[in-house]
Amino acid sequence: MATQLIFDNVLAGDEMMHVSASKGWAPPVAAVARDRGDGPYARLVLRGATVLDGTGAPPWGPADIVIEDGRITGIFNVGTPGLPIKPGRRPAAGDVEIDCSGKYITPGLVDAHAHIGTPYHNMTGGSPPSDYIYKLWLAHGVTTIREMGLLNGLSWTLEQQKLADGGQIAAPNMTLYAYFPAMADRFKSLHTPDQARRWVNAIKERGAAGIKFFGAPPAMMEAALDEAAKVGLRAGCHHAQMAVSRMNSLKTARWGLTSTEHYYGIPESMYTNSVLQDFPADYNFYDEYHRFSVAGQQFLQAAEPGSNKWNDTLEEFLRLGHTFVPTFNIYDANRDVMRARQADWHKDYTWSTIWKYFQPQRGGHGSYWYRWSTTNEVEWKRNYSVWMRFVNDYKNLGGRVCAGSDSGFIYQIYGFGLIRELELLQEAGFNTLEVWKAATIDSAALLGMDDEVGSIEIGKRADLLIHKHNPLADTKLMYGTGAMRLNDDTGQVEWLRSLETTIKGGVLYDTEALLADVREMVKQSFDHE
């Protein structure tokens, strides 16, 4: 019997695009051709690098890495630090060679929570083209994304995925998670557990790799997760306030949910003096100020760090094999909106309509600054302190924590947001090796792609980064703007940037050329207003 693909007249996986179209909102202009990148080559050799392989192992080198037709086919120890290279250890010449002496090579970054734009930007004049987003990602070393929710629809995103996989556009690899359409406050086309199961099979047949939940009636979500496990789909959930009262993070983890996105649902798993958050009497979820100001109080109402309830919750998540994708960066402005608003990158890299969207406005998701106060920021700082403790404790128990950005909202833009996430993981207590592990092999494992990407190993796809400086020493040098430093020899301020080349599937991308393209696109976006 043929799989049912259409529910309430909407093709499975295209629900969010259906909602946008009903409002007259268009997706980003799709990328159609690759105008940057050289290769892939029959044989590319990277010579004399220090290797940080992504597994958590410390750097080693010097090493030569051989890439043939987009795959890593050889990794050679070619000497001892401080001594001349041993020619007899070196692999044969390549069609193209890059001297990486004094440089570092890492795996490409895996952004475990990403969106190819958001239809909400149409509220302030239209979405930027997808090329703008892709080039920012590649310029920051992002070679793989998990597209969470398919705001542009599964049909649109499958086409972009196909072009990216074939190297026909300058874009990261994409793993696609479709929005589960069972929330009345968003879009609801599923109404029974049986429909939920049929929908899961439909998106699997169409090519999705997973499901993005915001919640659902419990029986439907449990059925969908059960069916997802049967057909090999993974699932992440943003436990929205409109659904978390019936299903917190721990409950859905017991049902088989793969990952908790952000932090919603975690505090609710640890309440000791109530079962629901204590909302103010005048709370209205559709007032974005209410939504996000009160969200900063959630961990403060939960069990104390280190308490029996706290530890028991962590231990159960660990037994269940659950993953957390905190996306610390996307709420970072809540701790200090002035800092986020004045970030170095906005002037040259934030698209005009995105900048307008970030400003205070009624009805704009994440644009709630019309009442933001010192008290709100203090509460969010305290919330972060407990939240970061939870995530770090979980990592220290052996649990998997991954790096995701969720950029496009709340003063965070593509590429830059993921680098900020690396900084915030370090703030949470991760050492820099643990940070890189979270953003490479662990995120790849969450996506079920760790046999393909996420570490530097023979047989894997050549998704690699060439750094001019040690990426463990200073994450700020990963920003596309670089970081401000004083040159003591000249007495002049310089902006140092580390990432020189992004290699995706053996194709070489000059990161400065990508950034220059973005700067010009952003300039034109303001010129054409």
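Buried means under 20% relative accessible area, exposed over 50% and partly exposed in between, with a 1.4 Å probe and protein chains only. The model is predicted, so local features need pLDDT of at least 70 and side-chain atom pairs count only at pLDDT 80 or more, while totals for chains, interfaces and linings use all residues. Residues are numbered from 1 along each chain as its sequence is written, and side-chain values use heavy atoms, with hydrogens and water left out.

View A. Thr-175 counts as buried because its relative accessibility is 6%. Contact here means heavy atoms within 4.5 Å.

**View B. Helix 2, residues 130–139.** Nine of the ten residues of helix 2 are buried, so the helix is largely enclosed by the rest of the structure. Among the buried residues are Tyr-132, Tyr-134, Lys-135 and Trp-137. Gly-141 follows helix 2 and has a positive phi, near 85°.

**View C. Two tilted aromatic pairs.** The structure holds 42 aromatic pairs. Rings of Phe, Tyr and Trp (its six-membered ring) pair if their centres lie within 6.5 Å; planes under 30 degrees apart count as stacked, over 60 as edge-to-face and the rest as tilted. Trp-369 is in the loop between helix 11 (352–358) and helix 12, and Tyr-411 in the loop between strand 17 (400–401) and helix 13 (416–428), so parts 42 residues apart in sequence are tied together by the pair. Both Trp-369 and Tyr-411 are buried.

**View D. Trp-345 in the loop between helix 9 and helix 10.** Helix 9 covers 337–341 and helix 10 covers 346–349. Trp-345 is buried, with a relative accessible area of 7%. Leaving aside neighbours within four places in sequence, Trp-345 is in contact with residues including Tyr-411, Phe-416 and Tyr-479. The C-alpha atoms of Trp-345 and Phe-416 are 8.0 Å apart, although 71 residues separate the two along the chain.

**View E. Arginines over aromatic rings.** A charge sits over a ring if NZ of Lys or CZ of Arg is within 6 Å of the ring centre and within 35 degrees of the ring normal. Arg-186 lies over the face of Phe-214, 3.6 Å from the ring centre. The charged end of Arg-335 sits over the ring of Tyr-384, at 4.4 Å from its centre.

Note on methods:
Helix = DSSP H or I, 4+ residues; strand = E, 2+ residues; numbered from the N terminus.
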